[in-house]
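Me: Hi! I'm new to this one and would like a friendly walk through it. Can you show it to me?

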Amino acid sequence: ENISKKRNLARKAYIYEVDMTTDIITEKLTDNEIKKKYNEIKASLLNPEKRNINLIIIDKDVLTEKIKISEKILSDIYNENIESYKKPEQRIVKQIIFDNKNDADTFFSTYENKDDFYNYIKEKNINLDNISLGKIIKGQLDKHIEDHVFSLDVESITKPIESSFGWKVIFLEEIIQQKTKSFIEVKDEIKSSLTTDLISENIYNKA
């Protein structure tokens, strides 16, 4: 591609021929000139710094074998950090956006339940993926929309909500309740994380 772009590029050049049988430099260099050049290039003339080093090889597997973590330690970590093992409530929602309030109001007064909602989707040949917001948790939507979504009952719709994109009507399809992972579910995860930390600490101490 580069050759193709530049194949018609014209360049003008000067060619100098030097007769090597004659003296190129007819005048002797002075000490000042030599010192000036030396100061310009002296960094390249310095001997590089050298350092003597020793390599210490630490066998990670040996350190790993020495690590023993009791069930109580794992349980204590779980209880101290139980908030981080909570999976928040999720809401599966879909939204339809209307250009004006009248259309949104008409929809809201006509399609009141799940069957009505999906009948409308089918009638209008709407792709469900295009109107799905997926699984929503608190903090992911604008506050005024989130308040509507999290006050809905399952299989019900919101009143028309004005937004910068038009008038929205949101349908709550399903609520996935908050769940806390059990100790058994996260035990291996805690052990793996703690083992990694202890190995790093042991390597540092050994070094």
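Reply: Strands (E, at least two residues) and helices (H or I, at least four) are DSSP runs, numbered from the N terminus. This is a predicted model, where local features need pLDDT of at least 70, side-chain atom pairs count only at pLDDT 80 or more, and totals for chains, interfaces and linings use all residues. Residues are numbered from 1 along each chain as its sequence is written, and side-chain values use heavy atoms, with hydrogens and water left out.

Me: Thanks! How many bridges join β4 to β6?

Reply: Two, and the strands run antiparallel; β4 covers residues 156–157. There, S156 stands opposite L172 of β6.

Me: And how many bridges join β2 to β6?

Reply: Nine bridges link β2 (residues 90–98) with β6 (residues 166–176), again antiparallel. K94, for instance, has F171 in β6 as its bridge partner.

Me: What do β5 and β6 form?

Reply: A hairpin, with two residues between the strands. β5 (residues 161–163) pairs with β6 in the antiparallel sense over three bridges, and S163 is partnered with G166 in β6.

Me: Changing topic: how many salt bridges are in the whole structure?

Reply: A search finds 10. A salt bridge here is a side-chain nitrogen of Lys or Arg within 4 Å of a carboxyl oxygen of Asp or Glu. One of them joins K187 and E71 at 2.9 Å, N to O.

Me: Why does the pair K187 and E71 tie together parts that are apart in sequence?

Reply: Because K187 lies in helix α9 (residues 183–206) and E71 in helix α4 (residues 71–80), the pair ties together parts 116 residues apart in sequence.

Me: Which side chain meets K101 in a salt bridge?

Reply: That of D105, at 2.8 Å, N to O. Both residues lie in helix α5 (residues 101–110), four residues apart, about one turn of the helix.

Me: What about R91, buried or exposed?

Reply: R91 is buried, with a relative accessible area of 7%. Buried means under 20% relative accessible area, exposed over 50%, and partly exposed in between (1.4 Å probe, protein chains only). The side chain of R91 meets E89 in a salt bridge of 2.7 Å, N to O, and E89 is partly exposed at 22%.

Me: Great, that clears it up!

Terms used. Pairing = 2+ DSSP bridges.
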